[in-house]
Amino acid sequence: MSKQLRSTRLWLAAMVLAAMGAWAAAPPNLERALEAQRSLVEKQPANSSARVDLGNLLLLGGDTAGAEAAYRKAVELDPTKVAAHFNLGLLLQRNGENSHAL
């Protein structure tokens with residue numbers, strides 16, 4: 001393999017990793033969004049959709065325990081809420097709890 005081809009591949013790999021890192025970074029207004037979502041959950045404690053959204057925001061911020069608690073509460077509030085089951089399952093799978101995820 002030529003040096004130029006190797007150099008091009010390394011450059012492309014670096015660009016892909018940089019793009020992935022930028023994409024995965026938390027949005028700059030995450031704290032405001034979390035505050036607003038927590039306020040909504042406080043005002044509407046039986047709103048399972050608000051709990052799922054809170055879980056998603058918490059997960060974006062790296063709070064996996066908080067996200068799991070929010071998803072579990074959403075499932076408890078509405079056992080038919082597909083998004084709550086799905087997101088909880090994905091989170092459990094990501095944490096290596098495959099049997100619980102199923």
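Reader: Where is the place of Ser-99?
Author: Ser-99 sits in helix α6, residues 98–101. Keep in mind that this is a predicted model.

Reader: Is Ser-99 buried or exposed?
Author: Ser-99 is exposed. Its relative accessible area is 61%, and exposed means over 50%.

Reader: And how far apart in space are Ser-99 and Gly-89?
Author: Their C-alpha atoms are 9.6 Å apart. In sequence, ten residues separate Ser-99 from Gly-89.

Reader: Let's zoom out. How many helices and strands does the protein chain have?
Author: There are six helices and zero strands. Read from the N terminus, the order is α-α-α-α-α-α.

Reader: How much of the protein chain counts as buried?
Author: The chain has 102 residues, and 25% of them count as buried.

Reader: What about contacts between residues at least 6 apart in sequence?
Author: Of those contacts, 38% join residues at least 24 apart.

Reader: Now the packing. At what angle do α2 and α3 cross?
Author: Roughly 155°. Helix α2 covers residues 30–43, helix α3 covers 48–60, and their axes come within 9 Å. Over 145 degrees counts as roughly antiparallel, so that is how α2 and α3 run relative to each other. The crossing of α2 past α3 is left-handed.

Reader: Which residues make the contact?
Author: From α2, the list is Leu-30, Ala-33, Leu-34, Gln-37, Arg-38, Leu-40 and Val-41. From α3, you have Ala-50, Arg-51, Asp-53, Leu-54, Leu-57, Leu-58 and Leu-60. By class, this contact of α2 with α3 has ten nonpolar residues, one polar and three charged.

Reader: Leu-34 is on that list. Neighbours within four places aside, what is Leu-34 in contact with?
Author: Leu-54, Leu-57 and Leu-58.

Reader: Next pair. How do α3 and α4 pack?
Author: The angle is about 165°, with the axes 8 Å apart. These two helices are therefore roughly antiparallel as well. Their crossing is left-handed.

Reader: Which residues meet there?
Author: The α3 side includes Ser-48, Val-52, Asn-56 and Leu-59. The α4 side includes Thr-64, Ala-67, Tyr-71 and Leu-77.

Reader: Who meets whom in α3 and α5?
Author: Val-52, Asn-56 and Leu-59 of α3 meet Ala-83, Ala-84, Asn-87, Leu-91 and Arg-94 of α5. Five of these residues are nonpolar, two are polar and one is charged.

Reader: How many residues are in the largest nonpolar core?
Author: The core has 17 residues. Those touching the most other members are Leu-34, Val-52, Leu-54, Leu-58, Ala-67, Tyr-71 and Ala-84. Helices α2, α3, α4 (64–77) and α5 (82–94) each supply at least two core residues.

Reader: One more residue. Where is Glu-68 found?
Author: In helix α4.

Reader: Why does Glu-68 count as buried?
Author: Because its relative accessibility is 18%, and buried means under 20%.

Reader: What is Glu-68 in contact with, leaving aside neighbours within four places in sequence?
Author: Leu-88, Leu-91 and Leu-92.

Definitions and conventions: Residues numbered from 1 in each chain as written. Predicted model: local features only at pLDDT ≥ 70, side-chain atom pairs only at ≥ 80, totals over all residues. Heavy atoms only, no water. Axes fitted to C-alpha atoms, helices over the stretch in contact; angles between N-to-C directions. Helix = DSSP H or I, 4+ residues; strand = E, 2+ residues; numbered from the N terminus. Parallel < 35°, antiparallel > 145°, perpendicular 65-115°, else oblique. Left-handed = near helix turned anticlockwise from the far one by under 90°. Contact = heavy atoms within 4.5 Å. Nonpolar A, V, L, I, M, F, W, Y, C, P; charged D, E, K, R; others polar. Core = buried A, V, L, I, M, F, W, Y, C linked by side-chain atoms within 4.5 Å. Buried < 20%, exposed > 50% of the residue type's maximum accessible area, 1.4 Å probe, protein only.
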